[in-house]
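Student: I have a new protein model open on my screen. Could you help me read it, one question at a time?

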Amino acid sequence: MKAIRFPENFALGAASAATQIDGDCRESNWYDWYLKGRIKDNSNPDIATDHRGHLEEDTRLMAEMGIRHYRFGLEWARLEPREGEFSEEELQKVRQEITLLRQNGIEVLLTLHHFSNPMWFERQGGFLRSGAVERYLAMVEYAVRGLGDLVGEYVTVNEPNVYAFCGYLGGGFPPGECNPLHALRIMKVLGECHRRAYRLIHTIHAEMGWPEPKVGFAAHMRAFTPYSARNLWHCLACRISEYLFQTRINRTYLLGNQGPYAEFLGLNYYARTATSGLGDGTLPGVAVNDLGWEIYPDGIVECCRKLHALLPQLPIYITENGTADNHDSFRRRYLYEHLKALTESGLPVTRYYHWCFVDNFEWLEGFTARFGLIHFDPVTHRRTVKKSGEFYARMIAEHGITEQMAREAAGEEYHYG
């Protein structure tokens with residue numbers, strides 16, 4: 001392994017989601033999901049990592065590591081606990097957090113919707129309800145008018161395909177449906193949410209005399225491959241799966257009829273999918289993480305190229321990338337290989353937000369899957385920087401990876417499926 005020098009305009013950051021770290025979310029659909037016993041280790045999103053109780057500590061840790069870009073999100077259930085009733089107290093808490101981050105030299109990429117809904121919205125059908133787009137936009141308007149003087153970059157919706165497929169096809173996320181027509185409708189509705197929020201955010205910033213915002217959505221993409229390249233059905237299933245899962249969404253969300261609807265291309269990338277039908281699969285004998293997802297660094301470049309082809313004039317933000325490595329035994333190698341692939345790609349990737357900063361409430365997995373640079377103890381809530389966290393801080397300080405760091409990464413071993 002060799003040393004890497006990052007491009008001059010390239011920055012490393014960290015990403016999170018409100019439900020996964022903040023705590024204090026009893027009015028959300030994910031707290032309801034926890035009450036129904038749907039979380040693997042029964043960990044409680046009303047506690048999560050108690051980020052709000054450790055706000056100053058977490059911010060200090062980020063600043064000490066040299067992180068200057070942080071993606072975090074709003075909890076809609078706290079911002080609008082009852083339909084049409086917005087919480088000024090919650091808005092002020094978010095303002096205080098953003099202010100603290102800025103005082104520590106950390107700029108915010110604000111996510112407006114990241115999987116979690118208020119229960120009043122969920123009981124009315126969520127994004128399947130009549131008027132769902134308008135209800136979402138009312139929340140967006142309240143948030144942007146209240147925070148836009150502190151924020152210049154926004155993610156409108158996070159991983160609409162994952163939200164739709166897991167909640168309305170696979171049944172693992174709330175509301176737990178298995179209805180392909182509903183999944184397709186949800187993706188269409190969230191596309192309208194993104195495009196209209198894009199226009200609304202720009203309108204508000206212009207009205208208020210604030211700087212022109214940068215707006216995008218976080219596209220979850222996978223590298224797709226047929227399980228057997230010699231099997232015609234596998235090859236056809238691969239093309240169909242990729243089109244339904246990501247290709248069509250990316251085109252319609254970003255381009256629409258009057259696009260583009262973005263100032264940056266947001267990409268969440270984790271793994272490659274091997275298809276033998278319309279579902280997930282993994283090739284035999286490949287490197288995998290602790291969730292059994294294939295570790296495939298070339299895939300992050302493959303996905304970037306496909307987004308870049310849609311809007312080649314825009315910068316690419318890796319809005320999420322990371323791996324479930326519960327014992328922190330191969331995360332340095334994972335980081336090295338993915339960042340090496342990006343650096344050598346020649347693509348206009350200007351941000352990399354690592355998922356995640358502190359081990360968090362990882363949706364259905366609870367704390368059984370650890371993605372963090374910082375270890376979290378669910379009992380004591382103690383934070384401890386991992387060796388991969390130290391490695392990340394060194395990458396920021398060096399603006400690259402030295403030969404010594406590359407050797408350290410090379411000494412780590414993956415699991416193989």
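This is a predicted model: local features need pLDDT of at least 70, side-chain atom pairs count only at pLDDT 80 or more; totals for chains, interfaces and linings use all residues.

Student: Which residue stands opposite Leu 267 in E9?

Tutor: Start with the two strands: E7 covers residues 265–275 and E9 covers residues 316–321. They run parallel and are joined by 4 bridges. Follow Leu 267 across to E9, and the residue standing opposite is Ile 318.

Student: How many strands make up the closed barrel?

Tutor: Let's trace the barrel in order: E2-E3-E4-E5-E6-E7-E9-E10, with parallel pairing. From one strand to the next, the twist averages 30°. The number of strands in this closed barrel is 8.

Student: What angle does helix H8 make with E6?

Tutor: Helix H8, residues 160–168, packs on the sheet. There it touches strand E5 (153–158) and strand E6 (214–226). Helix H9 (residues 180–208) also lies across E5 and E6, running at about 160° to E5. For H8, the angle with the direction of E6 is about 60°.

Student: What is the bridge partner of Tyr 154 in E6?

Tutor: Good one! E5 and E6 pair in the parallel sense, and 4 bridges link them. Look across from Tyr 154 into E6, and the partner you meet is Val 215.

Student: Why is E6 described as largely enclosed by the rest of the structure?

Tutor: Think about how much of each residue is accessible: buried means under 20% relative accessible area. E6 is largely enclosed because, of its 13 residues, the number that are buried is 12.

Student: Which helix gives the most to the nonpolar patch?

Tutor: Let's turn to the surface, where the patch has about 800 Å² of accessible area together. Its members include Leu 181, Trp 233, Ile 240 and Leu 278. H9 and helix H10 (232–254) each supply at least two residues. With 5 residues, the helix that gives the most is H10.

Student: Is Tyr 243 buried, exposed or partly exposed?

Tutor: Tyr 243 is found in helix H10, and it belongs to the nonpolar patch. Its relative accessible area is 39%. Buried means under 20% and exposed means over 50%, with partly exposed in between. Therefore Tyr 243 is partly exposed.

Key: Residues are numbered from 1 along each chain as its sequence is written. Side-chain values use heavy atoms; hydrogens and water are left out. Two strands pair if DSSP finds at least two bridges between them. Axes are lines fitted to C-alpha atoms, for helices over the stretch in contact, and angles run from 0 to 180 degrees between N-to-C directions. Contact means heavy atoms within 4.5 Å. Patches are made of residues with over 30% relative accessible area and no salt bridge: like charges are joined within 9 Å, nonpolar side chains (Val, Leu, Ile, Met, Phe, Trp, Tyr) within 5 Å. Accessible areas come from the Shrake-Rupley method with a 1.4 Å probe; for residues, only the protein chains shown count as cover. A salt bridge is a side-chain nitrogen of Lys or Arg within 4 Å of a carboxyl oxygen of Asp or Glu. Buried means under 20% relative accessible area, exposed over 50%, partly exposed in between (1.4 Å probe, protein chains only).
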